[in-house]
Amino acid sequence: MTKEALYGKDINELLDVTHHLGLPGFSAKQIAGWLYRHEISSIDEMTNIPKKIREVLASEYEIGIYPPDSFVESSDGTKKYLFKVRNGKYIETAYIPEKGRATVCVSTQAGCRMGCRFCMTGKQGFQGNLSAGEILNQIRSINEFRKITNVVYMGMGEPLDNLPEVVKSLDILTSEWGYGWSPTRITVSTVGISGSIGSFLQQTRVHLAVSLHTPFPGERLKLIPVEKTSPVGDIIQQIRQAGIKGQRRISFEYILFRGFNDSSAHVNELARLLNGIRCRVNLIRFHKVPGLDYESPDIEEIKKFRDKLNSKGIIATIRASRGEDINAACGLLSTLSLNKNQE
Ligand code: SF4
């Protein structure tokens with residue numbers, strides 16, 4: 001019989017487990033403590049829980065933490081892990097060490113249904129949602145777990161297309177009964193889904209990054225098909241309505257494509273669109289993906305674009321490229337593994 005994983009359950013689900021097994025309610029908090037505050041690998045290690053209760057628990061449940069399948073390491077120290085999830089699909093997780101911080105970039109889905117033209121994951125199509133446990137396992141099971149300072153939900157998949165499990169994983173990361181992290185250590189990146197963004201902003205306190213890439217709807221539709229049903233103007237309107245509360249940071253991701261979205265007209269329209277929102281624009285160099293003709297501007301051109309935005313009162317920064325020698329672009333490594341498996 002396949003046992004159910006405890007890892008990835010929130011406090012209410014753990015209470016259900018204790019009720020189901022006839023255990024006292026306070027056991028739920030004890031189990032959460034072992035799952036999210038200690039590095040145990042078996043239920044038997046939950047030593048403040050009586051042995052009899054551990055045996056009852058272990059008869060139906062397992063911890064549910066599993067190691068990555070493989071990894072590759074870049075010359076700059078970036079590591080890309082490959083995890084095999086349900087149905088034999090692969091997901092990617094990146095570990096990015098930098099001076100004074102170490103970031104893990106997690107996936108929220110196997111594949112993705114958004115079909116963004118510049119993204120290898122989009123080319124795979126949708127292969128399934130990850131559970132909260134599968135999202136968190138990418139953080140917990142890598143060797144660098146104890147060094148991690150920040151988590152970004154920017155790997156494979158669209159987080160707002162898997163909202164309940166993403167919100168649950170954030171709850172486990174930030175709750176006092178869970179990992180107890182500050183929400184300011186976490187950023188969720190989205191293309192923007194009209195029906196979910198308001199709910200996401202209400203239910204969480206983490207930072208939000210919106211993939212913008214051009215302020216013009218017609219152009220954006222050529223890059224991001226979901227622009228048709230979730231126009232970026234509507235997304236920005238919902239962000240304005242929700243208000244930017246507390247220490248939450250809103251950023252707009254902008255991959256620069258030479259001759260496509262790097263003109264002065266783009267700078268002017270960005271300044272108009274983002275006027276009055278406390279936010280920043282992250283400029284990103286385009287990583288080549290097979291089968292797409294776009295080119296990235298060189299670093300001097302990117303700096304000029306940044307300076308023009310800054311002169312219009314928009315805070316803009318250039319994101320450093322990491323791990324280019326290990327297929328760092330989202331979805332490349334898992335696509336290679338998927339293809340290899342299908343050979
Ligand atoms: S960029 Fe993100 S939302 Fe778009 S296809 Fe890739 S994984 Fe999906």
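## Helix packing, domains and ligand shell in a predicted model

The axes of helix 10 (residues 264-273) and helix 11 (residues 299-311) come within 10 Å and cross at roughly 35°; axes are lines fitted to C-alpha atoms, for helices over the stretch in contact, and angles run from 0 to 180 degrees between N-to-C directions. This crossing of helix 10 and helix 11 is right-handed, meaning that the near helix is turned clockwise from the far one by less than a right angle. S264, V267 and L270 of helix 10 meet F305, K308 and L309 of helix 11, contact requiring C-beta atoms, placed from the backbone, within 7 Å.

The model is predicted: local features need pLDDT of at least 70 and side-chain atom pairs pLDDT 80 or more, whereas totals for chains, interfaces and linings use all residues. Residues are numbered from 1 along each chain as its sequence is written.

The protein has 12 helices and 14 strands, defined as DSSP runs numbered from the N terminus (helices H or I, at least four residues; strands E, at least two). The radius of gyration, taken over C-alpha atoms, is 21 Å, close to the 20 Å from the globule rule (2.2 Å times the number of residues to the power 0.38) for 343 residues, so the protein is as compact as a globular protein of that length. The C-alpha trace spans about 70 × 50 × 40 Å along its principal axes.

An automatic or database assignment gives domain 1 (4-62) and domain 2 (70-342). Their centres, over C-alpha atoms, are 34 Å apart. At the interface, 8 residues of domain 1 are in contact with 11 residues of domain 2. Helix 2 (residues 27-37) supplies the largest share of the domain 1 side, 3 residues.

Around the ligand are 12 residues, of which C112, M114, C116, C119 and G122 come nearest; the criterion is a C-beta atom, placed from the backbone, within 6 Å.

The table gives residue classes: Ala, Val, Leu, Ile, Met, Phe, Trp, Tyr, Cys and Pro count as nonpolar, Asp, Glu, Lys and Arg as charged, and the others, Gly among them, as polar.

| Residue set | Composition |
|---|---|
| Contact of helix 10 with helix 11 | 4 nonpolar, 1 polar, 1 charged residues |
| Side of domain 1 that touches domain 2 | 5 nonpolar, 1 polar, 2 charged residues |
| Shell around the ligand | 7 nonpolar, 4 polar, 1 charged residues |

Key
Contact = placed C-beta atoms within 7 Å.
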